[in-house]
Amino acid sequence: MEALLNPYYLQIAMFMLINAILGISIYLTLSTGQLSLGNAGFMSIGAYTSALLSLKAGLPIFLAIPAGGIAACLLAAVIGIPTTRLQGIYLAIATLGFGEVVRVIILNMKITNGALGLSGIPSLSISIGKLLAAAGLGQGILGLTLQQVSNLAVILLLALLVVFLVFFSLRLRSSRIGRAFAAIKEDEHAAEVTGVNTVYYKLLAFFLGAFVAGIAGGLAAHLTFYIGPKDFSYHRAVEILLFAVFGGSNVVWGPLLGAVILTSLPEVLRSVAEYREMIYGAILVVMMIFRPQGLIGEDTIRFWRSKMPGLRVRPGNTEASRRPADDAEA
């Protein structure tokens, strides 16, 4: 029990959940087939907005974090309207350039403290601890200290957020919007011919991914107490995309698994941490060669459903069997 309550392991669990949220953000963007590398930029907007609102304006953390997500979504409107008309590698280059532009602007602004970054950001754990103390909770629960209870409460909060986002993604996938997303991802031209407003749905997916990435950025800022421009470089953008590539981008469980594995891998291989980027690159190459769809794909879901009688897929009830007319109705 003491080992599980070690602050080191608790911190790893927190960042694992943060990366899971980022994995869901890239999944939402990729759900229409948009290869975006701008989620690190949206994450930085959410992180700096939340940090500045809590530091400079004294806004409570639980209001500052959603405000960071909204700020990222608003910026996504500015960049998304012209860039979502691009496809493939052109969209990836444009969004990667957007992330670098945001990083350079942050690097040269006085309010963001430039290259020194922002420190002393209010702690989410301490804020939750104060709420627990005010409610007469925290100390004495299972013999734990207030700090331990606060850390566990943060992990529970992040876990609940991940569960909510997974539930939202699954419901979205089975809705008319989700069917429109799937039609655009399969063949954008065919979807447009059948009556799907491709521009609207691509922008919607872009906004959803940006909002979730902004929320993850705000949470990360209030968990690390410090953020700097280097935290949101293009390496971070590639890392977020790698969650989906490694785990699988066709189902929401893929990026979650990718985030868990790729977050814990550097800790398991701490003795060779300096080769982290090389290992990530090797993993990406191997996955593209042997399993380009990622660790979890539609075939994996169908396999496990066939093993569970209560979850058997009836003929004609799969994504592949939906008629184009269904997509047109979206």
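**Figure 1. Aromatic pairs in a predicted model.** Let's start with the rings: the count comes to 6 aromatic pairs in this chain, whose structure is a predicted model. One of them joins Tyr 200 and Tyr 201 in an edge-to-face arrangement. Their ring centres are 5.0 Å apart, and the angle between the planes is 75°.

**Figure 2. A closer look at Tyr 200 and Tyr 201.** Are these two partners buried or exposed? Tyr 200 has a relative accessible area of 46%, so this residue counts as partly exposed. Tyr 201 has a relative accessible area of 9%, which means that Tyr 201 is buried.

**Figure 3. A cluster of phenylalanine rings.** Which residues form one aromatic cluster? Look for Phe 42, Phe 98 and Phe 206, which make up this group.

**Figure 4. Ser 25 and its contacts.** You can find Ser 25 in helix 1, which covers residues 7-30. Ser 25 is buried, because its relative accessible area is 0% and the cut-off for buried is under 20%. Setting aside neighbours within four places in sequence, Ser 25 is in contact with Asn 39, Gly 209, Val 212 and Ala 213.

**Figure 5. Stepping back to the chain.** The chain has 330 residues, and 45% of them are buried. Its secondary structure comes to 14 helices and 2 strands. Among contacts with a separation of 6 or more, 77% link residues 24 or more positions apart. The chain exposes about 16600 Å², and carbon and sulfur atoms supply 68% of that area.

Technical notes: Residues are numbered from 1 along each chain as its sequence is written. This is a predicted model: local features need pLDDT of at least 70, side-chain atom pairs count only at pLDDT 80 or more; totals for chains, interfaces and linings use all residues. Side-chain values use heavy atoms; hydrogens and water are left out. Helices (H or I, at least four residues) and strands (E, at least two) are DSSP runs, numbered from the N terminus. Buried means under 20% relative accessible area, exposed over 50%, partly exposed in between (1.4 Å probe, protein chains only). Contact means heavy atoms within 4.5 Å. Accessible areas come from the Shrake-Rupley method with a 1.4 Å probe; for residues, only the protein chains shown count as cover. Rings of Phe, Tyr and Trp (its six-membered ring) pair if their centres lie within 6.5 Å; planes under 30 degrees apart count as stacked, over 60 as edge-to-face and the rest as tilted.
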